[in-house]
Amino acid sequence: MLADFSFLHPHRIFQKLKQQGGVFNYQKQTIAGLLAGKDQTLRERIEWAKMLMDPTDISDVTGAVLKFLVNGHGPNENWTALFKPGERVRLRFINAAAQMIFNVRIPGLRMTVVAADGQNVRPVEVDEFQIGNAETYDVIVQPTEDRAYTIVSEAVDRSGMGRATLAPRPGMTAPVPALRERPLATMKDMGMDMSAHAGRGGAAAAAAGAPMGHGNMPGMDHGGAAAPPAPPGMAPPRPRGSDVMADMPGMDMNMRDPKNAPQVKMGPGVQMISPMPMDRTGDPGQGLESVGHRVLVYKDLVALEPNPDARPPERALEIRLTGNMERFMWGFDGRKFSEKPPPYAFRRGERVRVTLVNDTMMTHPIHLHGHFFELVHAPVGQLPRKHTVNVLPGGKVSFDITAEGGDWAFHCHMLYHMHGGMFQVFKVRPFEGEAA
Ligand SMILES: [Cu+2]
């Protein structure tokens, strides 16, 4: 169980977030970094500053005030699980953290993902996966050597890590890798994909739903002329200076056009409306695009058993994830829960395709109570069933639900975002056993 812990009281953390945007971000860009040729170029920094956006804002609560735990133990306590060399071990990872998204890997061991959110999926072999708050992944590993392996749960913003050990005997340790370079948000995270327009293909083609080298996907096109996109996690690093808006001449740069999302209540709680959100379920998550090994993506997930309800959706509902990072306001469709917005209404038993669009610069793990929903991608009838899905910045995710009678909490599973307003209710009527 992965967790974050702070000696600061949660109310104090929330108060500090409200008072000053990015208060816990100790990894901002510096002039020294600019002169040393690191991070963004001057042109990029100017463009981003004009939009009041900070590309180092990956997490709002960070290792500056958090300790990262594995089964309740800090990195130096070295919680250890024992194995006999050669045996297959099933590990269930649960992200129980209040606020931190983790990137999980076990250097030297491949992991075969066999379940997501407790639901079986077709086995898929990866070297690393990103896990949002409330998500779970079951993986099988088979360590054959008589040696220790480090389980790494690195914070998504690389401000710290949790650490545990898999070993044949107690007291053993394996090398602990250093924290990797902290990632920078990109124009894609603002809902504007540069590569889609510059013709760089790669990640854009993958995110647009191109086959991911998944042998099970029907309808794969092997005859394309373009070079196949790199497997998730193995894209070449983005060249410095490739991420400014000036690269897209003649494009409409309105980052807050209400026409792009008429259902959103515009106000101070809406800093941005993504002009061109895209399906990013083929992307490996912030900071994992170019780590040099295979990273899990949602498009890898295929349910092992047939879906219990494979009916096509009868209607569609789009919900925008909105926020203002500077004022730490969060909501759905521009409304905080404290404003008492009308709940999202459903008829019991109806099939609805819900599309979440992220209009903020942060990943949000969105969680629905009382249901497993099916992420919409191939193959129909065996869509992966989940209760929580990470929506990447500038990204959109579609899932189908069969509405169950009741009032169901629907919220971002980051505690401080939920507390800041990103919470709503799915109201499904009539109740079970009640006349329609
Ligand atoms: Cu959130």
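Which protein donors hold the copper ion, and how many Å from it do they lie?

**View 1. The copper site of the predicted model.** The protein donors are His-364 (ND1), Cys-412 (SG) and His-417 (ND1). They lie 2.0 to 2.1 Å from the copper ion. Donors are N, O and S atoms within 2.8 Å of the metal (3.2 Å for Na, K and Ca); water is not among the atoms, so sites may look incomplete. Along the sequence, the donor residues follow the spacing H-x47-C-x4-H. Cys-412 and His-417 are both buried. Buried means under 20% relative accessible area, exposed over 50%, and partly exposed in between (1.4 Å probe, protein chains only).

**View 2. Helix 1, residues 10–19.** Ile-13, Phe-14 and Leu-17 are buried here. They sit on the same side of helix 1 because they cover an arc of only 95° around the axis, taken from the directions from the helix axis to the C-beta atoms. The face turned away from the buried side carries exposed His-11 and Gln-19. Helix 6 (415–419) is among the elements covering the buried residues.

**View 3. The whole protein.** It has six helices and 23 strands. These are DSSP runs numbered from the N terminus: helices are H or I, at least four residues; strands are E, at least two. Of the 436 residues, 55% count as buried.

**Notes.** Residues are numbered from 1 along each chain as its sequence is written, and side-chain values use heavy atoms, without hydrogens and water. In this predicted model, local features need pLDDT of at least 70 and side-chain atom pairs count only at pLDDT 80 or more, while totals for chains, interfaces and linings use all residues.

Methods: Contact means heavy atoms within 4.5 Å.
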